[in-house]
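Dear colleague,

My findings follow it, arranged by topic.

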Amino acid sequence: MSRILRVAAAQSGPIQRAESRQAVVARLIEMLDRAAEKKCDLVVFTELALTTFFPRWYMTDQAEVDAWFERDMPSLATRPLFERAQKHGIAFKLGYAELTPDGHRFNTAILVGRDGKLLGKYRKVHLPGHGEFDPARSFQHLEKRYFEPGDIGFPVWRAMGGVIGMCICNDRRWPETWRMLGLQGVELVALGFNTPSVNSQKADEGPAQRAFQHRLSMQAGAYQNATWAVAVAKCGVEDGHPLMGGTMIVDPNGEIVAEAQTEDDELVMWDCDLDATRFGKETVFDFARHRRIEHYGRITSQTAATPPDK
Ligand code: CDT
């Protein structure tokens, strides 16, 4: 049986603060339709795909914060996306801000199967930024204020003939994320990102360096775990704040095989042969033969780096 997944990375251009969920969902459906025309199996949408990147705004009124969150999924606004995907028989991954019935807030991604049913959920573990207004930054990044760290680890799912995992934006910079997924035999990692084009704490770190760090993280994660990796940007200028592009599909050898050309709504497609993950998994990254867990204790027993006294 062929294990080729035709994947569409559905990059979102900017979403302005005033743009309604309905208008955004219409844009996502337009990309979904184009992916269906091309006979894609899976469409990967970005992180917080339904709104502007609201953690850049400092808010103190909880009602104002909660207006950016979804209490139900599908919600009234997103139901048309679920229905259209089901009609096409296409699976999708969607990122959104989740408010749970018992009042917890997460930066979440879901995987929805071809039948429109929820296959899996992931909640972002590595939350970047800060929790209070920081006047020293050129702009704010308040994910630590608005979200709790994910509480369900790094699950993977058997789906579409393969093993699929998800992570979200900043997670891609952490080898721990990739290895947790790799240790479960992941064959395709889907993620979305909202990455400012400039470092708010280092003005001379601009788009070129940010793009380099993004590629480095994606390519290393894919290669070192012999997995396909699909990274989908939200990008362009949102209310004066530039987000970098760089939507890409990376093969299990760490090579970028397809990349976006714009900072707008754009589809990037590739036929991902899941069997191409076998070689790496059975040779240089055959974890069972080569990993030496007796030397890895620090990875789960400490957070801060502790250099020797002298
Ligand atoms: N959305 C997200 O996680 N963005 C971060 C920005 C880091 S700067 C605080 C990223 O890692 O791309």
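Please note at the outset that this is a predicted model.

Arginine 210 is in contact with Thr195, Pro196, Ser197, Val198, Asn199, Glu205 and Met244, leaving aside its neighbours within four places in sequence. The residue is found in helix 6. With a relative accessible area of 12%, arginine 210 is buried, because the cut-off for that class is under 20%. Its side chain reaches the backbone oxygen of valine 198 at 3.5 Å.

Arginine 210 also has a place in the account of the pockets. Together with Pro128, His141, Asn170 and Pro196, arginine 210 is among the lining residues that lie nearest the centre of the second largest pocket. That pocket holds about 270 Å³ of space and is lined by 17 residues. Its lining divides into five nonpolar, eight polar and four charged residues.

The largest pocket has a volume of about 540 Å³. Its lining is made up of 23 residues, and those nearest the centre are Pro175, Glu176, Arg179, Met180 and Ile299. Helix 6 supplies the largest share, six residues. By residue class, the lining of the largest pocket comprises 11 nonpolar, seven polar and five charged residues.

Is lysine 124 buried or exposed? Lysine 124 is buried, and its relative accessible area is 0%. Its side chain is joined to that of glutamate 143 by a polar contact of 2.8 Å. Beyond its neighbours within four places in sequence, lysine 124 is in contact with several residues, including Glu47, Glu148, Cys169, Asn170 and Asp171.

As to the cysteines, how many disulfides does the structure hold? There are zero disulfides. For cysteine 167, the nearest cysteine sulfur is that of cysteine 169, 9.1 Å away. A disulfide needs two cysteine sulfur atoms within 2.5 Å, and cysteine 167 is in no disulfide. Cysteine 167 counts as buried, at 0% relative accessibility. Cysteine 235 is likewise in no disulfide, and the nearest cysteine sulfur, again that of cysteine 169, is 12 Å away. Cysteine 235 counts as buried too, at 0% relative accessibility.

Cysteine 169 is buried, with a relative accessible area of 6%.

Leucine 48 is not a glycine, yet it has a positive phi of about 45°. Its place is in the loop between strand 2 (42–44) and helix 2. At 1% relative accessibility, leucine 48 counts as buried.

Finally, which residues does a cis peptide bond join? The bond lies between methionine 73 and proline 74, with omega about 5°. Proline 74 is situated in the loop between helix 2 (62–66) and helix 3 (79–88).

With kind regards

Key:
Residues are numbered from 1 along each chain as its sequence is written. This is a predicted model: local features need pLDDT of at least 70, side-chain atom pairs count only at pLDDT 80 or more; totals for chains, interfaces and linings use all residues. Side-chain values use heavy atoms; hydrogens and water are left out. Buried means under 20% relative accessible area, exposed over 50%, partly exposed in between (1.4 Å probe, protein chains only). On a 1 Å grid over the protein atoms alone, a cavity is a set of points where a 1.4 Å probe fits but cannot get out, and a pocket is an open set with protein on both sides within 12 Å along at least five of seven lines; lining residues have an atom within 4 Å of a point. Grid points are joined across faces, edges and corners, and a volume is the space filled by probe spheres set on the points. Helices (H or I, at least four residues) and strands (E, at least two) are DSSP runs, numbered from the N terminus. Ala, Val, Leu, Ile, Met, Phe, Trp, Tyr, Cys and Pro count as nonpolar, Asp, Glu, Lys and Arg as charged, and the others, Gly among them, as polar. A polar contact is a pair of N or O atoms within 3.5 Å; within protein, one must be able to donate a hydrogen and the other to accept it, and residues adjacent in sequence count only if both atoms are side-chain atoms. Contact means heavy atoms within 4.5 Å.
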